[in-house]
Protein chains: 2
Amino acid sequence: MTTNDALIARRARTIGPYSPLFYDEPLHFVSGQGVWLTEASGARFLDGYNNVPHVGHANPRVVQALTEQAACLNIHTRYLNERVLDYSEQLLATFAPGLDRVLYGNSGSEANELAIRIARQLTGATGMLVSDYSYHGTTITLAQLTTGLRTREPLAPHVRAIRVPDLDSDPRPAELVLAAALQDVDDAIAELQEAGFGLAASLFDPLFSTEGMARVPEGYVAGLVDRVRHAGGLVIADEVQSGFGRTGSHMWGHAWAGMDPDLVTLGKPMGNGHPMSAVVTSERVLDEFGSRNEFFNTFAGNPVSAAVGQAVLDEMAAEQLMARAERLGTEARSAFDSLATRHDFVSAAKGVGMFLGLEFALDGHPAPELAKQVVEGVKRRGVLISRIGRHESVLKVRPPLAFGHAELPALLGALGEALDEASSTL
Amino acid sequence: MTTNDALIARRARTIGPYSPLFYDEPLHFVSGQGVWLTEASGARFLDGYNNVPHVGHANPRVVQALTEQAACLNIHTRYLNERVLDYSEQLLATFAPGLDRVLYGNSGSEANELAIRIARQLTGATGMLVSDYSYHGTTITLAQLTTGLRTREPLAPHVRAIRVPDLDSDPRPAELVLAAALQDVDDAIAELQEAGFGLAASLFDPLFSTEGMARVPEGYVAGLVDRVRHAGGLVIADEVQSGFGRTGSHMWGHAWAGMDPDLVTLGKPMGNGHPMSAVVTSERVLDEFGSRNEFFNTFAGNPVSAAVGQAVLDEMAAEQLMARAERLGTEARSAFDSLATRHDFVSAAKGVGMFLGLEFALDGHPAPELAKQVVEGVKRRGVLISRIGRHESVLKVRPPLAFGHAELPALLGALGEALDEASSTL
């Protein structure tokens, strides 16, 4: 029995055999630093996938902040603590003026739950508008609106899932695509209203990541937001993937997309792996909710999480990671465009900033097996990426934002070779 | 403007004015060590309240484990990692043989959500049986079964809340109390079945903490469990307050209470403040859920949380904290019994292990104002406690399990003086 087999057997007997693992042959990492992970065998892998370790694996500034605050005090917000206020002010300063209040949680699921809870209470409605291929968390309410992952729960009656348009795979003119997609929004909202649910909120990732980084027509996001507001719903932007400078040009995906949200949910990269999340909203929205509920989250907003959150923002500023993501993302996207030109089976290059992809199709049909083959081929060359989209036919390249110019050739080299290899098997 | 006023103003402008604070004059802590917290003024307080810092504030073993693992690797469970398996095996070894699988989360809310989600899927039912004064978390599903905290959501139609009997405040003979309470259970289950919801699960804290540490009649828990099982429901034990040796005699509250659960949810003390939680269950229950859902929690089960969890268990063993809680709890309870005898307005001494209380009543009516007065009086003497129960008339003394024999006189002294002071105002 190999070490990996032994670990897999131990997993089956503890966390169970269904806990998902990446790759045909799973990887067993024992340490990480920056954008590199080291396997038990000693082999090093370049991380082109993980967005949680935003400022790099085992980032020294984050580890120091974590250590110092944990050695000093970790306590809940029912006592006064300055650290959570320092962090809140620093975080809120990155948002537009109207988004000036923050409630903390411990995971993206908790943030989305809270945002929906607030929206339902404020509107008196329960209807939810989501994408027909999306994922927002693990709770019952979120499982009932999950469309991009296998869950036993059916879509709840008060949820409508709309197809997010993608100009890369829709051959019609953009104006037609836009008109049809907004008609879908109108229809979904009308259905919710006729069924008596009304509209509590829309919940979308401004980058449409899970959808495969859909390239939506100009005017789609604004039209969607208008229609949600007109129906009395709130707009929730799920920034769990798109936030913290991922797009390069903007700190928040909603700003990049021109989405103007009432509630913004933050997760994954926020604490560089330390479990923390937040809902950012306005004074008006928070006051409505706060005055009518005793709301308290035991762990959330503790000074250790706040210190970690500060260290992430400080590191982003010190290393100018957003500007780097913009420069590097532009360069990488241009290389992805070239790869798309070189291979017939690459139907489109996708993405923005440090969230990029290549979409695969054969004879006009999505080619998930080919995408899988490339993900495994890239892995054999020591680089981690994954795939997304409704057909799992889009490569997902979403490295830590600490990814540097020096690492780009290794990523592009591995990708280029794996594409050539895949091409030769066709 | 005092420093506290300035902090409160900053809170209002960031996390909002509704974020709850303890005490008429809130406390502003800047550091903690063991069972002591230090205010900005330099004043030290003995912690007789907080159960999250289970092995003590800023516990060196925990901080070291946190630091070392965070400096090495923090990654999700879709790669192999030995640390989470080491911890899982160590944790599961503290449960009875049938409870041999664990799923991780980041908060008690996430654990209870997952347990209910599993129960609903397994039973095909939605009905929930809870106590009529309880709290299990912040999500929508949990808000809809919250009875012990102000939430805007009404109790959901599929939830029945039963009164947990308390021999300390019910003057009838125990047999009558038991028969009436089990009749309530029968009625509630029958209602759920007649309404077509069926019974998915019961969800109770085995210590009935929020209820005010109800002293239930012998046979109540067994009768409750039998009835739930007979109706096809699963039994969920919420160990967020009662677990990790709190009772002194047993590692888990359900073992202490003779509750035989299908699912156990863990939270607060698990990571000594590091956000982590778990659902412990059986192979059969996990397999049913695992095989039918793609379930994955980004942060949960990461090696940093696992290292922290291990350090908590190791510290409990090294310092024999459970045995200490049993010895000290017995001694403290005996002192509480004496205080109950000394003051007419103390209607009962309550609790077990290191979770103790005194119930206050005047002229046969609950006396929450008196309890509040004593909590504030104890605070003025440098000791932190709180109050619970449906009337908030029960003192809540639930210190870190690291509480030692040396600290007991300070706690009892402050409590005794505050009781005398309250007595003199009557």
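**Figure 1. Polar contacts between chain A and chain B.** In this predicted model, 48 residue pairs, both at pLDDT 80 or more, are in polar contact across the interface of chain A and chain B. A polar contact here is a pair of N or O atoms within 3.5 Å; within protein, one must be able to donate a hydrogen and the other to accept it, and residues adjacent in sequence count only if both atoms are side-chain atoms. On the side of chain A that touches chain B, the elements giving two or more residues include helix 2 (60–72), helix 3 (82–92), helix 4 (108–123) and strand 4. Helix 1 of chain A gives the largest share of that side, eight residues. Sorted by type, the residues of this side of chain A are 44 nonpolar, 34 polar and 21 charged, where Ala, Val, Leu, Ile, Met, Phe, Trp, Tyr, Cys and Pro count as nonpolar, Asp, Glu, Lys and Arg as charged, and the others, Gly among them, as polar.

A word on conventions: the model is predicted, so local features need pLDDT of at least 70 and side-chain atom pairs pLDDT 80 or more, while totals for chains, interfaces and linings use all residues. Residues are numbered from 1 along each chain as its sequence is written, chains are lettered from A and ligands numbered from 1 in the order in which they are written, and side-chain values use heavy atoms, with hydrogens and water left out.

Figure 2. Chain A and chain B each bring 99 residues to the contact, which means heavy atoms within 4.5 Å. About 8,900 Å² is buried between the two chains, with carbon and sulfur atoms giving 57%; buried area is the accessible area (1.4 Å probe) that two parts lose on being put together, summed over both. Ten salt bridges cross this interface, each a side-chain nitrogen of Lys or Arg within 4 Å of a carboxyl oxygen of Asp or Glu. Look for Glu89(A) with Arg10(B), whose closest N and O atoms are 2.7 Å apart. Over all chains, the count of salt bridges is 54. Arg10(A) and Glu82(B) also form a salt bridge, at 3.2 Å between the closest N and O atoms. Arg10(A) sits in helix 1 of chain A and Glu82(B) in helix 3 of chain B, so this pair joins two chains.

**Figure 3. The seven-stranded sheet of chain A.** This open sheet has mixed pairing and the strand order 4-10-9-8-7-5-6. Helices (H or I, at least four residues) and strands (E, at least two) are DSSP runs, numbered from the N terminus, and two strands pair if DSSP finds at least two bridges between them. At the edges are strand 4 (101–105) and strand 6 (159–162) of chain A, each pairing on one side only. From one strand to the next, the twist averages 20°; axes are lines fitted to C-alpha atoms, for helices over the stretch in contact, and angles run from 0 to 180 degrees between N-to-C directions. Strand 5 (residues 128–131) runs parallel to strand 6 of chain A, joined by four bridges. Here Ser131(A) stands opposite Ile162(A).

**Figure 4. A hairpin in chain A.** Four bridges pair strand 1 with strand 2 (residues 36–39) of chain A in the antiparallel sense. Ser31(A) has Thr38(A) as its bridge partner. Two residues lie between the strands, and Gly34(A) takes a positive phi near 60°.
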